[in-house]
Amino acid sequence: MNEFKGTVFETVSSTRIKFSTKPGETVSTGSLVEIKDSDGKKYLGRVIGIQRKNYLIDQDGAVQLSSLFSENENLDPDDIGIRGEFDDFIICEVEIIGNREHSNFFIRSKKPFKIGTKVYKASPEFLNKQLEPKTNSIEIGHFRDNEDVPIHIDLNELISKHFSVLAMTGSGKSWTISVIIESIAKEYDIPILIFDPHGEYSSLKVAKNEEGERIARKTKIFVAAKESTKKRSDKLFEKKFNVNRNSKSLYFNMTDFETYQIIHLLKSLYELSEAQSRILQAGWAEITNEPELKDTTDIECIIKKLKGVGESTTQGPSAMKILSTKLEMLYESLPYIQKSTDQKIIKEDEIVKKGQISVIDISGIEEIQQQALVAILSSRILKKRMKGDIPPLLLILEEAHRYIPSGAVNTASKPTIKRVAQEGRKFLMGMGIVSQRPSRLDDDVLSQCNNQIIMRLTNPNDQNYVKKVSEWISEADVDEIRSMAPGEAFIFGSAVPLSLPMRIKTKRLTEHGGYTPDIVDELENF
Ligand SMILES: Nc1ncnc2c1ncn2[C@@H]1O[C@H](COP(=O)(O)OP(=O)(O)O)[C@@H](O)[C@H]1O
Ligand SMILES: [Mg+2]
């Protein structure tokens, strides 16, 4: 049975109508309704404004009542003859969204909605028909106001056009990302790679049920950290989840750094003089491409070659001497730079592989080292992908403000991630950007994301910012975003037919959370 809500009394335009409820009925802004046009075809509408009224007290009545009350505040309306049903009725303004049953998009009626037409609450059956996925999609939750209306997102739009997950800490970003990963991996073999700065995604290896086993089997853990840190993390993980995460160490060569990456890294760690930067500008790209240096584990060989370039520039010899020391220090300090051949290099096609979820655990290294690693790995993967050597993939960047900060702040990873944002769309290298501070994220990268999953955000700067970068978000949506509960989200963009408030799935296939012990556990070791 459809739930009757009210009767149309005014057609404001072909896409706007007004209806009135009976006294006592409740309707709230954002409610979805169904309404027939003069041909009898049903359309979906959304209540965009409400006004409460009452028969017994209209505008004139209120003026008179105010006069009486101002003389005697204790006067009861009952004493002056206002008796009976005192319930308010509600006047609702409705925006007609359209009908999507025979198309991929909502199509609006060409016929007017007649005065007197009945308006009903949108039934789950009608809504499901309207929201039905027409292409490959994943289900990540349900409509907030009705559990029987699942929300699907179009997989191709989500991945090939990039997406962001933006919300305050604790509102469910990582949970949402995990739900997306589980939902993709359950049905599809799209390679997924996650940069994991908190060590919280290794738990994808811990199944909660049979479906979760499939996810756990697909998950491979790669760690960039000192051997001793890695061993400790492996142990902590096993202690917490009783599962061996079977992690591998990640190693790269110094020559994997591109010129701007090495310059930035040295600058932020040890400062670089103009002359030292010039030497790297002049020689780094060329020498790191030389075949005999490509796989070298020996920093001295690289320095020797660079000297050839450095000493021919002005201030070369002295600048080169200091630069050599800095390069040696960098080489020694980066745990993921290969120092002997028994530290095996892992190739891009071992990380980006059909049916594999690769978690890159970077929780054991410092932020500057993380930025440099994100830079090396993403740029190598983009290059391989552009050549077609590895399959299409989804790359997820947690704590994205660390890697792509806004404004003039630079990091070793910013130019690379910008390139992935631009080129990745053409080459099917999708990116998911996760952050609790959208206003501190690089504008370009964020505006390349065609889809936004937005959860609770209370900072006004962040609210304004998401409105600015997304053509889909309205003022009314921002009001909702302010007061969302954990696990509630809005999805805006091309991957959904309609942006509705939703709840992200509560049921997970694998465990959620990191392996770091809490303070009470840790105290026991002392
Ligand atoms: N959809 C959800 N269903 C159930 N619990 C959730 C959901 N989203 C978040 N939570 C709870 O909130 C906590 C914080 O979520 P998390 O995703 O880690 O937050 P953050 O936004 O900081 O990444 C989780 O540990 C979980 O207990
Ligand atoms: Mg998180």
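Residues are numbered from 1 along each chain as its sequence is written, and chains are lettered from A and ligands numbered from 1 in the order in which they are written. In this predicted model, local features need pLDDT of at least 70, side-chain atom pairs count only at pLDDT 80 or more, and totals for chains, interfaces and linings use all residues.

**The whole protein**

Start with the C-alpha trace, which spans about 100 × 60 × 55 Å along its principal axes. The protein has 18 helices and 18 strands; these are DSSP runs (helices H or I, at least four residues; strands E, at least two), numbered from the N terminus. Of the 526 residues, 42% count as buried. A residue is buried if 20 or more other C-beta atoms, placed from the backbone, lie within 10 Å of its own; 12 or fewer make it exposed, and anything in between partly exposed.

**Helices 4 and 5**

Select residues 173–187 (helix 4) and 210–218 (helix 5), which pack at an angle of about 95 degrees with their axes 9 Å apart. The axes are lines fitted to C-alpha atoms over the stretch in contact, and angles run from 0 to 180 degrees between N-to-C directions. The two helices are therefore roughly perpendicular, a label used for angles of 65 to 115 degrees. Now show Glu182, Ala185 and Lys186 in helix 4, which meet Glu211, Arg214, Ile215 and Lys218 in helix 5. Contact requires C-beta atoms, placed from the backbone, within 7 Å.

**The core and helix 13**

The largest nonpolar core has 128 residues, of which Ile192, Ile360, Ile396, Leu397 and Ile454 touch the most other members. Such a core is a set of buried Ala, Val, Leu, Ile, Met, Phe, Trp, Tyr and Cys residues joined through C-beta atoms within 7 Å. Helix 13 (residues 367–387) gives the most to this core, with eight residues. Next, select Ile360; leaving out residues up to four places away in sequence, its contacts include Phe195, Phe222 and Leu377.

**Valine 352**

Finish at valine 352, in the loop between helix 12 (348–351) and strand 13 (357–361). Is valine 352 buried or exposed? Valine 352 is buried, because 25 other C-beta atoms lie within 10 Å.

Note on methods. Angles under 35 degrees count as roughly parallel, over 145 as roughly antiparallel, 65 to 115 as roughly perpendicular and the rest as oblique. Two residues are in contact if their C-beta atoms, placed from the backbone, lie within 7 Å.
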